[in-house]
Amino acid sequence: MLTNHAFTYSLLIYVFLQLVQISLTFVIPNLAQLTFNQSALVAGFLLLAGSLLSSFLGPVMGRLLDDRGPRFPLIAGSLCIMASLILFTVFIAHLTILTIIAFHILYMLGFSMMYNNTMTLGLQQLNGPQIGDGNALFNMLQQYAGSIGTAAMAGIIAIGGAGIQNGATAVLSGSRLAFIVLFCFTVAIALLAFSLLASLKRQPSGR
């Protein structure tokens, strides 16, 4: 399966998207609570709008893939997720509840365009007997990506805030480093998306 480039690109995009998404659910509430003095309830609700949007848009983006092909959702989705992380990084010291919600919604919009669609595209590259194994691989790596993302972000925030005595400032500095790292992942996702499109173009039959 992994010798099929289109499948491998799809799998990596799917895993990286999950890693970034889970990482944001760790970084954003901690940043809101420890730096901007928001309550745990408010910090949790910061992610609600983006999560609800993603749930609603899942079927819509699947239809978009069917109607327009993979090019638009992959490219537009890549631009949305990169823009979101750039905004988080640049404006981190001036974030408010509304800007956090808006930037997270932008990420989840791109996430919705790409996440389920890359799994669909990946599985379409496999023959019948391989589809079950491919689906299991997507699900297994999804779980690992979530675990790794949370653990990695905790370590990165600690490294970024090392040596800073003020707790709020330390979390702010560490979160900035976390957003930079996550932005690098979104760049990798964009490059993989273009590689996937090129691979699909060379192999239009999907096999």
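Mentor: A nonpolar core is a set of buried Ala, Val, Leu, Ile, Met, Phe, Trp, Tyr and Cys residues joined through side-chain atoms within 4.5 Å; buried means under 20% relative accessible area with a 1.4 Å probe, protein chains only. The model is predicted, so local features need pLDDT of at least 70 and side-chain atom pairs count only at pLDDT 80 or more, while totals for chains, interfaces and linings use all residues. Residues are numbered from 1 along each chain as its sequence is written, and side-chain values use heavy atoms, with hydrogens and water left out.

Trainee: How many residues has the largest nonpolar core?

Mentor: Among the residues with the most contacts inside this core are Ile-13, Leu-17 and Phe-179. The core has 58 residues.

Trainee: Which helix supplies the largest share of this core?

Mentor: Helices are DSSP runs of H or I, at least four residues, numbered from the N terminus. H1 (5-34), H3 (48-68), H4, H5, H6 (128-160) and H7 (167-202) each supply at least two residues of the core. The largest share is 15 residues, and it comes from H1.

Trainee: At what angle do the axes of H4 and H5 cross?

Mentor: Axes are lines fitted to C-alpha atoms, for helices over the stretch in contact, and angles run from 0 to 180 degrees between N-to-C directions. The axes of H4 (residues 71-90) and H5 (residues 97-124) come within 8 Å. They cross at roughly 150°.

Trainee: What is the angle between H3 and H5?

Mentor: The axes of H3 and H5 are 8 Å apart. The two helices pack at an angle of about 40°.

Trainee: Which residues does Leu-24 touch, not counting residues up to four places away in sequence?

Mentor: Contact means heavy atoms within 4.5 Å. Leu-24 is one of the residues with the most contacts inside the core. Leu-24 touches Pro-29, Leu-85, Tyr-107, Phe-179 and Leu-182, with residues up to four places away in sequence not counted.

Key. Buried < 20%, exposed > 50% of the residue type's maximum accessible area, 1.4 Å probe, protein only.
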